[in-house]
Amino acid sequence: MTHDAADTAVDTAANISVGFSEAYQTGTLDAFFALSGQSRASQQAALKLPRPMDRESLVRSLGCYAGQLNAPNTVHDNLHKLAHPNSRAVVTGQQVGLLLGPMFTLSKAMTAIKLARELDSEDSPVVPIFWLASQDHDSDEIDHTYILDTDESLHKLHVPLPQAVPAGRIALTAQWVEDICLELEALPADDTMRTHKDEVLALLQETAEDTDTFADWFARILYKLLGDEGLIIVNPLEDCIASHFHGIIKQELDRPLRSSQAINQAGDDLAGMGYAPQLGRAEDATNLFYEVDGGRHLLRYHDELFWYDGQDGDVSVTKDVSVTKDALLADLQIRPACLTPAAGLRPITQDAALPTAITVVGPGELRYFAQLKGVYDLNEVAMPLIYPRMNVTVLEPPARRVVDKFGLNVDELYADFEDVRNSILLKLHGHNDVIQEALQVLETSTEQLLLHIQSIDPTLEQPVERGSKRIEQTLSQLRHKSARALAEQDDIYAHQFTRLQTHLLPLAGKQERLISPFSYFLKFGVENVMNALLELPPEGHQIIRF
């Protein structure tokens, strides 16, 4: 899983991620991080991390890409600040998904911008940086996005990206842009939305004009939205930028399996604490990909040679192809971006090249960063403060009305939507208190019974507890079935909760992990949405109400 796919993953392990985030915040996982938490003290400590580097060369390289994409003057102003010998950066990044991918792309960028602004000073400038995952070749994860229209129908927009090709190598076609604009144009709209739709279509067409790659389109959209906030964008596939990563890449070639071993050891340590490791490396896997023959191939190492899966005549047939370290180094001189890091090395290459103080991550990324401290140490790169991004929920009017009507807590809805709905339905019909009282009586009776049983024969305690749990489970099932029956009888309330679920948990995943920000741009206007995001604090769960 890449730097960014970890945050794109659906919520099948949501509870695990929440538990892991809590453990991180409470210091339980401090052994796996150089710095931890979100306190001001941790942030200040992060600003003092050593970041020796050639800033002038870095700024020239980043400025070249910013110039290619017509970034606004505020970006170049921040590049000038980055050249300061004491400069530091708050860095985040994401896969280059269609129409910016899910909403949390902007949540990450906003967190980085707000943190950098809070920490910035004249003597020690701090700038926000966004790392494009242009090296990522998981096309299935970035070739689509979702829009929720005004009729509350979910639309999946898609472009036919080639498979196994890095996003930064995929040429943007005029047909893709036209098709997406036509699909957006066809969405149902009232008079207000038609005005916003014209604005959105103009933004997409303008940013696509004279744009070379799919990744560049993502970057130009991001510059259009956040360039005025000084967000600097890094495209690691640009040759002038890729050369800044060669030091770490060459060290990986010198000791091909050490970083993988460090990752697996940290994974074992996490497993020993009851946490499933996010990363796992095969015994012969390096943390490098080799771009050759039009594809991106994981490098393996055994028998003193590097190996990758190549083609043998027929492109549908693969075979192991060997290559020496010297040949890889020679190719690296000709093609500076032909060797790119896997998830277990990418943050280290990033932080060796950038003056990173803080890295803003999602919950999935936090879990895999916990396995990287050994890789940082191996490469003698200071590990930055890992900072969980803010979470954002947008409450559109239909959802807001239901939340307000029943006094609902959005966090509780995310934790167990069905349980909250059941409680409300039972309460509305006068049944919830009776069931809750029955459960309370059961709990009290069980406690009293256990006290008596323990005084008679302590060995009978477990049978009593098992019986109590079975009764409790039976009552819980009856509660669930009763609520479901009420939902079938009460069309109005059932419909309201169905609408709310469509907004908050589309396709059973959290809103911010699925819905594109363009869904909200279309309904409320680009400026209104961006201003609402800019007003949010850079931590915790924030709610935008329209």
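# Covered strands and cores

Me: What makes both faces of strand E12 (residues 385–388) covered?
Reply: Leu385 and Tyr387 on one side, and Ile386 and Pro388 on the other, are all buried. Buried means under 20% relative accessible area, exposed over 50%, and partly exposed in between (1.4 Å probe, protein chains only). Strands (E, at least two residues) and helices (H or I, at least four) are DSSP runs numbered from the N terminus.

Me: What kind of model is this, and which limits apply?
Reply: It is a predicted model, in which local features need pLDDT of at least 70 and side-chain atom pairs count only at pLDDT 80 or more, while totals for chains, interfaces and linings use all residues. Residues are numbered from 1 along each chain as its sequence is written, and side-chain values use heavy atoms, leaving out hydrogens and water.

Me: What is the mean pLDDT of the chain?
Reply: pLDDT is the predictor's confidence in each residue, from 0 to 100. The chain has a mean of 90, with 88% of its residues at 70 or more. Over residues 8–14 the value is below 50, and this stretch has ten contacts in the model beyond near neighbours in sequence. A contact means heavy atoms within 4.5 Å.

Me: Why are strand E11 (residues 356–361) and E12 called paired?
Reply: Two strands pair if DSSP finds at least two bridges between them. E11 and E12 have four bridges, in the parallel sense, so they qualify. Ile358 stands opposite Leu385 of E12, and Val360 has Tyr387 as its bridge partner there.

Me: Which strand do three bridges join to E11?
Reply: That is strand E1 (residues 88–94), and the two run parallel. Val91 stands opposite Thr359 in E11. E11 is itself mostly covered, with six of its six residues buried.

Me: Why is helix H10 called largely enclosed by the rest of the structure?
Reply: Twelve of the 13 residues of H10 are buried, so the rest of the structure largely encloses this helix. Among those buried are Asp216, Trp217, Arg220 and Tyr223.

Me: What makes a set of residues a nonpolar core?
Reply: The members are buried Ala, Val, Leu, Ile, Met, Phe, Trp, Tyr and Cys residues joined through side-chain atoms within 4.5 Å. The largest such core has 144 residues, and Phe33, Leu225 and Phe518 are among those with the most contacts inside it. H10 (residues 214–226) gives the largest share, ten residues. Another core, of 16 residues, lies apart from it and includes Phe406, Val410, Phe497 and Leu505.

Me: Which residues does Phe33 contact, leaving aside its neighbours within four places in sequence?
Reply: Phe33 is in contact with Tyr24, Leu366, Phe369, Ala370, Lys373, Met383 and Ile386. Ile386 belongs to one side of E12.

Me: Why is Gly509 called buried?
Reply: Its relative accessible area is 9%, so Gly509 falls on the buried side of the cut-off. Gly509 sits in the loop between helix H23 (491–504) and helix H24 (517–524). Tyr414 is 95 residues away in sequence and 9.2 Å away in space, C-alpha to C-alpha.

Me: How many residues of helix H15 (residues 346–353) are buried?
Reply: Seven of its eight residues are, and the helix is mostly covered. Arg346, Gln350 and Asp351 are among the buried ones. Across the whole chain of 546 residues, 55% count as buried.
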